[in-house]
Amino acid sequence: MDPNQPVGENYANPRTCFFHVLFKAAALAFYILSALFIDNFVIIFVVTVLLAALDFWVVKNVSGRILVGLRWWNEINDLGESVWKFECLDHESLARMNKKDSWLFWWTLYLTAILWIVLAIFSLIRLQADYLLVVGVCLTLSIANIVGFTKCKKDAKK
């Protein structure tokens with residue numbers, strides 16, 4: 001957190017912060033708790049991946065714009081090459097972004113990926129290839145947002 005930030009400053013966008021964390025927590029919690037209560041792998045796979053996909057969409061299209069002023073997407077040009085596209089607020093607006101919102105955005109983005117990696121290690125140790133597939137899909141979506149927003153942040157600094 002920024003030491004120059006006023007002590008009593010709150011989140012500028014609490015609803016956005018809530019939904020930014022909600023789908024991440026829901027996907028992780030469902031995956032972890034489903035092993036205790038659900039015996040059907042298909043249900044676990046579908047619900048967990050659906051929650052992770054909702055998280056991917058919310059982060060990429062909503063919370064990224066509102067909390068850190070960044071947006072990215074990837075297109076395929078006429079030559080069949082992948083082209084990254086970035087949008088960001090102007091430098092003046094980026095400097096005025098709420099530090100707590102930004103902190104929450106980046107920390108939860110990285111922490112979620114770390115937790116999926118830990119769950120992948122557990123699936124490997126337990127030799128559960130099917131559950132490794134679920135974790136792999138969720139980790140891929142999480143890393144896609146990390147890569148996209150990191151590239152976007154670097155592009156915004158230019």
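This is a predicted model: local features need pLDDT of at least 70, side-chain atom pairs count only at pLDDT 80 or more; totals for chains, interfaces and linings use all residues.
Student: OK, helix 1. What span should it have?
Tutor: At 1.5 Å a residue, its 24 residues (14-37) should span 34 Å, because the expected span is 1.5 Å times one less than the number of residues. The end C-alpha atoms are 32 Å apart, which agrees.

Student: And where is the kink in helix 1 centred?
Tutor: On Tyr-31, with a kink of about 25°; the bend at a residue is the angle between axes fitted to the seven residues ending there and the seven starting there.

Student: Switching to His-20: buried or exposed?
Tutor: His-20 is buried, with a relative accessible area of 0%. Buried means under 20% relative accessible area, exposed over 50%, and partly exposed in between (1.4 Å probe, protein chains only).

Student: Which residues does His-20 touch?
Tutor: Not counting residues up to four places away in sequence, His-20 touches Asp-55, Val-59, Ser-63, Leu-67, Leu-104, Phe-105 and Thr-108, with contact meaning heavy atoms within 4.5 Å. His-20 and Leu-67 are 47 residues apart in sequence and 9.3 Å apart in space, C-alpha to C-alpha.

Student: Nice. What about the core, how many residues does the largest nonpolar one have?
Tutor: It has 31 residues, and Tyr-31, Phe-105, Trp-106, Leu-109, Trp-116 and Phe-149 have the most contacts inside it. Helix 1, helix 2 (41-68), strand 1 (70-76), helix 4 (99-125) and helix 5 (129-157) each supply at least two of its residues. A nonpolar core is a set of buried Ala, Val, Leu, Ile, Met, Phe, Trp, Tyr and Cys residues joined through side-chain atoms within 4.5 Å.

Student: Last one: in which sense do strand 1 and strand 2 pair?
Tutor: Antiparallel, over seven bridges, with strand 2 covering residues 82-88; strands pair if DSSP finds at least two bridges between them. They form a hairpin with five residues between them, and Gly-80 in the turn has a positive phi of about 85°.

Notes: Residues are numbered from 1 along each chain as its sequence is written. Side-chain values use heavy atoms; hydrogens and water are left out. Helices (H or I, at least four residues) and strands (E, at least two) are DSSP runs, numbered from the N terminus.
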